[in-house]
Amino acid sequence: MTNTFVAAIDQGTTSSRCIVFDHGGNIVSVAQKEHRQIFPKPGWVEHDAEEIWANVLDVVHGALQKASLNVHDLAAVGITNQRETTVVWDKETGVPVHHAIVWQDTRTDALVRELGDQDRFRDKCGLPLATYFSGPKLRWLLDHVDGLRERGERGEVLFGTMDTWLIWKLTGRHVTDVTNASRTMLMNLETLDWDDELVDAIGVPKAMLPEIRSSAEVYGTATGTLEGVPVASALGDQQAALFGQTCFSAGEGKCTYGTGSFLLVNTGQKPVHSQHGLLTTVGYKIGDQPASYALEGAIAVTGALVQWFRDKVGLITSAAEIETLARTVEDNGGAYFVPAFSGLFAPHWRSDARGVIAGLTGYIDKGHLARAVLEASAWQTREVVDAMNADSGVDLTTLKVDGGMTANNLLMQFLADVLDAPVVRPIVAETTCLGAAYAAGLAVGYWSDTESLRENWHKAAEWLPTMEPKARDKGYRKWKKAVARTVDWIDEDDDE
């Protein structure tokens, strides 16, 4: 087995990648290709599913070529994907009936309001009624593409998220996995199957829906470029990162620090319904084993605040400089920055919030401001972690981190301090692809069990909490006071 490799296809929002991994979980080769973003109207975002398929074939071929490998060197291929993006295609010809509607697309806004209260389906599917999810996008297509509903009811057209589209193109099988199905608003979290009540309420024909399978099993054998290779995993991108970070026990979580941040915590084998503005989702399911569930919290502005500090305030000329500037002072000098540039996401969900800098005095200099900017990412993470702990009754034991901001050692130490938990960064930062590769490798016996994956996981750095509890509590109280000042800024006669 050690002379063979596992490939992962990462079909993302802006590009498709293929990464080949060896048995140690190390990257052997990478190929990547961007695709067009199509904006037919304000708030509408589409992709050409055929273009994406062609790009996927290109990157698979490119990754194999770079490493001087051929398909016979691959034990399996796994798929991870942008979640919620919706495709419908003709069952006979394989031609999409419309461009794919992307997760960011807001055209279903009126439909979502028409469907009723935000929490109408939350008990069953773990999600609030929102434009993000794929069920309403499918309903929009059925309502707006001539004759599509009738064809759907006859089973002549098929629905899928990007994982389903790629698996169908590779193998001819019409399947999805539990993580992607859990983002449609159509799957019951308890039964892990399509829910008749949800399907009827949202108004989609069941005949169009793919079979729901686990995240790690052989769905079929590929034809064409990957001839004979088992297609053996599918996970939505954030769940794949959770899996790639080997968060296999309840209380283990990961946070990806990019423009904004996604924090997922494994809550074990029971779905935990959030009372604190988080999403309940399936974390992963390996073959016949019980599913593991997760709570998910989204933070709108983390890395974007550093970019703003660089581009709009001009106190630094590169993102990396912020750490140097912040280290010119011992602390934040009493200044707190809440970056509610477009409202606050989890756990507040206040679209009317606006950013504030609180605690300014004549003592504050640019070093204190730089520190307050960095600390904002940590305090926001603390709020989401507190919400998760309250919802799950399981305290976060360790936070595994990935993404560009994890290169900032000062931020990582402060994060450990305010969470009062170890923060760990892995050697292999491509955790999304790694998760898809791990799941596919497990399905074909390339790796024996999750314990062997844990042994593969190696930390590049770890930060342990050093802050006194009294100082942590005082800082958090002040942060919460600053957050309270972000709301009620907009008058009813404002244009916003």
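A residue is called buried under 20% relative accessible area, exposed over 50%, and partly exposed in between (1.4 Å probe, protein chains only). The exercises below concern a predicted model, in which local features need pLDDT of at least 70 and side-chain atom pairs count only at pLDDT 80 or more, while totals for chains, interfaces and linings use all residues. Residues are numbered from 1 along each chain as its sequence is written, and side-chain values use heavy atoms, with hydrogens and water left out.

**Exercise 1. Classify Gly404 and Gly303 as buried or exposed, and state where each residue is found.**

Solution.
Step 1. Gly404 has a relative accessible area of 64%, so this residue is exposed.
Step 2. Gly404 belongs to the loop between strand S21 (398–402) and helix H13 (409–419). Helices (H or I, at least four residues) and strands (E, at least two) are DSSP runs, numbered from the N terminus.
Step 3. For Gly303 the relative accessible area is 10%, and therefore Gly303 is buried. Its place is in helix H10 (residues 303–313).
Step 4. Contact means heavy atoms within 4.5 Å. With neighbours within four places in sequence left aside, Gly303 touches Gly258, Thr259 and Met405.

**Exercise 2. Identify the residues that the UniProt annotation "binding site" covers, and describe how they are spread.**

Solution.
Step 1. According to the unreviewed UniProt entry, the annotation covers Thr13, Arg17, Thr259, Gly303, Gly404 and Asn408.
Step 2. These residues are spread over 396 residues of sequence and also in space, with up to 26.1 Å between C-alpha atoms.
Step 3. A caution applies: UniProt positions are given in the numbering used here, feature names are shortened, and annotations may be inferred rather than shown by experiment.

**Exercise 3. Determine how far helix H4 is covered, and by which elements.**

Solution.
Step 1. Helix H4 comprises residues 134–144, and nine of its eleven residues are buried.
Step 2. The buried residues are Ser134, Gly135, Pro136, Lys137, Leu138, Arg139, Trp140, Leu141 and Leu142.
Step 3. Their cover includes strand S6 (87–90), strand S7 (100–101) and strand S8 (157–160). Helix H2 (109–115), helix H5 (148–153) and helix H8 (196–202) are also among the covering elements.

**Exercise 4. Examine the backbone at Glu84, Leu192 and Pro347.**

Solution.
Step 1. Most residues other than glycine have a negative phi, and most peptide bonds are trans.
Step 2. Glu84, although not a glycine, has a positive phi of about 75 degrees. Glu84 lies in the loop between strand S5 (74–81) and S6, and counts as buried because its relative accessibility is 5%.
Step 3. Leu192 likewise has a positive phi, of about 55 degrees. The loop between strand S10 (187–188) and strand S11 (193–194) holds Leu192, which is buried at a relative accessible area of 16%.
Step 4. The peptide bond from Ala346 to Pro347 is cis, with omega near 0 degrees. Pro347 is in the loop between strand S19 (336–338) and strand S20 (356–358).

**Exercise 5. Describe the protein chain as a whole.**

Solution.
Step 1. The secondary structure comes to 16 helices and 23 strands.
Step 2. The radius of gyration is 23 Å, close to the 23 Å that the globule rule gives for 496 residues, so the protein chain is as compact as a globular protein of that length. This radius is taken over C-alpha atoms, and the rule is 2.2 Å times the number of residues to the power 0.38.
Step 3. The C-alpha trace spans about 70 × 60 × 40 Å along its principal axes.
Step 4. Of the 496 residues, 60% count as buried.
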